[in-house]
Amino acid sequence: MPRRLNRNPVFWAALALYFLFFLLLNILTPLVSDDYRYAFSFATDERITSVWQIFPSLYTHYFVMHGRTAVHFFTQLFMLLGKPVFNVCNAAVAALLLLGLHRLSMGRGEKNPALLLGLGALTFLFMPAFGQTMLWLDGACNYLWGVTITVWVLVPFRDALSGERNVRSPWLLGLFCFGSLFMGAASESASPAAIVLMLLCIAILWKKTGKPNGRLCVSAGLAMIGFLILVLSPANAIRSSIYATEGLSRMGQYLLNFQTAAQMLLQNGLPLMGIFLVLFAVAAAQKADANRLWLAALLFLAGVLANFAMTLSNGYPLRAMTGCAVFFLAGIGVLAPDVLRGEFRPLALGAVALAVCAALITAA
């Protein structure tokens with residue numbers, strides 16, 4: 001057995017079971033709705049039969065549909081490769097998201113099976129529009145894949161805030177830069193919130209060290225370029241006008257959108273917000289590390305910003321709350337280790353067991 005796996009076989013076994021659980025769910029989820037449209041090229045309306053046909057299709061998509069061409073590359077790729085390939089890859093990405101949330105929480109240190117299971121259960125129980133965002137082929141490529149890349153792009157920012165040494169591997173640095181650009185172009189809600197989080201981390205580190213972190217500044221810059229590519233799509237203005245409320249001024253529309261965003265947060269985000277605030281109070285009372293409290297607070301703020309970023313959009317489907325939920329989950333993950341090690345450990349472990357049982361019963 002590899003040395004890394006041997007350190008905590010229970011952790012890796014739990015992650016493997018999570019992968020298998022998602023694989024089963026993906027196998028049971030059929031192709032529906034937009035999946036069939038993305039099997040055809042937007043440039044020629046012909047069935048896509050090679051990878052190279054995807055690129056002119058996405059170019060046309062950028063002008064006639066919307067700017068999320070980066071994530072829709074995967075949609076068209078998997079419609080070409082077939083649903084069985086997607087089932088395996090999507091289950092792997094779901095496991096990678098859970099591993100990324102754990103990595104944001106614990107760093108490169110110990111592996112905590114209780115934390116992993118707790119985050120997995122909360123994801124299953126409280127992810128808005130779970131089937132649409134985590135299992136449906138087009139929806140998963142849009143939301144699950146986008147937020148997974150976002151979480152892993154934020155890992156070096158977490159390490160820098162925590163004072164951990166960054167990995168200097170050239171290929172990891174290249175992947176980090178590409179991921180930053182991709183992340184910026186992935187979502188109208190999660191991407192700007194993540195960019196604000198990046199800039200706040202850079203500012204905090206600059207104040208601490210007296211100089212900017214060049215690697216993180218490049219990452220934030222690439223993310224902003226990606227986001228500009230996303231929002232400057234000519235098709236976005238067309239989509240916005242379709243969902244606009246007739247007779248309202250632009251300011252009136254924004255006020256209505258803000259009200260909608262507030263209602264969405266209250267109706268669908270309260271459980272995760274409540275869990276975060278309770279954990280934050282307990283961690284603060286236990287005098288948890290200040291850097292962890294700051295990081296958790298920043299992630300919570302990013303979740304709120306991701307929700308209210310939809311004020312700029314005239315439509316707010318429930319699946320667009322994915323980024324908001326993931327930021328809340330990440331904040332919960334950052335706080336949970338201190339609670340799991342503190343005087344409330346028995347109560348915290350009981351809460352994890354309850355969440356896992358609730359998730360299993362819901363799944364059944």
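Let's start at a ring with a charge above it: Arg47 lies over the face of Phe40, at 5.7 Å from the ring centre. Arg37 does likewise with Phe42, sitting over its face at 4.1 Å from the ring centre. Here a charge sits over a ring if NZ of Lys or CZ of Arg is within 6 Å of the ring centre and within 35 degrees of the ring normal. Before going on, please keep in mind that this is a predicted model, in which local features need pLDDT of at least 70 and side-chain atom pairs count only at pLDDT 80 or more, while totals for chains, interfaces and linings use all residues. Residues are numbered from 1 along each chain as its sequence is written, and side-chain values use heavy atoms, leaving out hydrogens and water.

Now to the rings themselves. The structure holds 22 aromatic pairs; rings of Phe, Tyr and Trp (its six-membered ring) pair if their centres lie within 6.5 Å, and planes under 30 degrees apart count as stacked, over 60 as edge-to-face and the rest as tilted. One of them joins Phe21 and Phe22 edge-to-face, with 6.0 Å centre to centre and 85° between the planes. Phe21 is partly exposed at a relative accessible area of 25%, whereas Phe22 is buried at 1%. Buried means under 20% relative accessible area, exposed over 50%, and partly exposed in between (1.4 Å probe, protein chains only).

Phe74 and Trp145 make a tilted pair, 4.7 Å centre to centre with 40° between the planes. This pair links distant parts of the chain: Phe74 belongs to helix H5 (residues 69-81) and Trp145 to helix H10 (residues 144-162), 71 residues apart. Helices (H or I, at least four residues) and strands (E, at least two) are DSSP runs, numbered from the N terminus.

Next, have a look at Asn142, which is found in helix H9 (residues 137-142). With 5% relative accessibility, Asn142 counts as buried. Its side chain makes a polar contact of 2.5 Å with the side chain of Arg68. A polar contact is a pair of N or O atoms within 3.5 Å; within protein, one must be able to donate a hydrogen and the other to accept it, and residues adjacent in sequence count only if both atoms are side-chain atoms. Leaving aside neighbours within four places in sequence, Asn142 is in contact (heavy atoms within 4.5 Å) with Arg68, Val71, His72, Thr75 and Ala186.

Asp45, in the loop between helix H3 (34-37) and helix H4 (54-64), has a positive phi of about 65° although it is not a glycine. Asp45 is exposed, at 55% relative accessibility. Ala129 has a positive phi too, near 50°, and is found in the loop between helix H7 (113-126) and helix H8 (130-135).

Our last stop is helix H18 (residues 322-341), whose 20 residues should span 28 Å at 1.5 Å a residue; its end C-alpha atoms are 29 Å apart, which agrees. The expected span is 1.5 Å times one less than the number of residues. H18 bends by about 35° at Leu335, and Pro337 follows within four residues; the bend is the angle between axes fitted to the seven residues ending at a residue and the seven starting there. Since 19 of its 20 residues are buried, H18 is largely enclosed by the rest of the structure.
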